[in-house]
Amino acid sequence: MIKLSDLGQVYIVCGKTDMRRGIDTLASMVKDKFNLDPFSDRVFLFCGGSQDRFKALYWDGQGYWLLYKRFENGKMNWPKNQDEVRELSPEQVDWLMKGFSIEPKISEATARNFY
């Protein structure tokens, strides 16, 4: 398995992205909509509506990589805010790839029992 956080800082583009979009359109979205440099040591993640697949856009200094992954079982817990991009920690990337939320929530009852 490719560990995305080993490639560089990972950013998640929240909300739905049209998965028919290719390298040029995704790179343009990163630059124009979010004012980030697509020609950097960063990985940008995009997800469609089904949340069982995503694309990763990565510039390696010589060209773009467009990675596509589809989960056979389960879905990712993808943030919904369409106008947001977030920087993820390596731990959050790992959570996302396992289907967990990037913002785990501890219920009040669990927190109370913990102390």
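**View 1. Q51 in the loop between β2 and β3.** Q51 sits in the loop that links β2 and β3; helices (H or I, at least four residues) and strands (E, at least two) are DSSP runs, numbered from the N terminus. This is a predicted model, in which local features need pLDDT of at least 70, side-chain atom pairs count only at pLDDT 80 or more, and totals for chains, interfaces and linings use all residues. Residues are numbered from 1 along each chain as its sequence is written, and side-chain values use heavy atoms, with hydrogens and water left out. Because its relative accessible area is 18%, Q51 counts as buried; buried means under 20% relative accessible area, exposed over 50%, and partly exposed in between (1.4 Å probe, protein chains only). Setting aside residues up to four places away in sequence, Q51 touches K75, M76, W78 and K80, where contact means heavy atoms within 4.5 Å.

**View 2. The open sheet, strand by strand.** Here you can follow 5 strands in the order β4-β3-β2-β1-β5, forming an open sheet with mixed pairing. β4 (64-70) and β5 stand at the edges with a single partner strand each, so one side of each has no neighbour in the sheet. From one strand to the next, the twist averages 25°. Two strands pair if DSSP finds at least two bridges between them. β1 and β2 run parallel and are joined by 4 bridges. To find your way along this pair, look for I12, whose bridge partner in β2 is L45.

View 3. Which residues of helix α2 (residues 90-97) are buried? They are Q92, V93, L96 and M97. These residues lie on the same side of α2, because they cover an arc of only 135° around the axis; the arc is that of the directions from the helix axis to the C-beta atoms. The buried residues of α2 pack against β1 (9-13), β2 (42-47), β3 (53-59) and β5 (85-88). Just after α2 comes G99, with a positive phi of about 90°.

**View 4. V85 in strand β5.** V85 belongs to strand β5. Is V85 buried or partly exposed? V85 counts as partly exposed, because its relative accessibility is 23%. Leaving out neighbours within four places in sequence, V85 is in contact with Y11, I12, V13, F34 and L36.

**View 5. Two cysteines, C14 and C47.** C14 is buried, because its relative accessibility is 1%. C47 is buried too, because its relative accessibility is 0%. How many disulfides does a search of the whole structure find? The search finds 0 disulfides, a disulfide being a pair of cysteine sulfur atoms within 2.5 Å.

**View 6. Stepping back to the chain.** The chain has 3 helices and 5 strands, and its elements run β-α-β-β-β-β-α-α from the N terminus on. Of the 115 residues in the chain, 39% are buried. Among contacts between residues at least 6 apart in sequence, 57% join residues at least 24 apart. The chain exposes about 7400 Å², with carbon and sulfur atoms supplying 48% of it; accessible areas come from the Shrake-Rupley method with a 1.4 Å probe, and for residues only the protein chains shown count as cover.

Methods
Axes fitted to C-alpha atoms, helices over the stretch in contact; angles between N-to-C directions.
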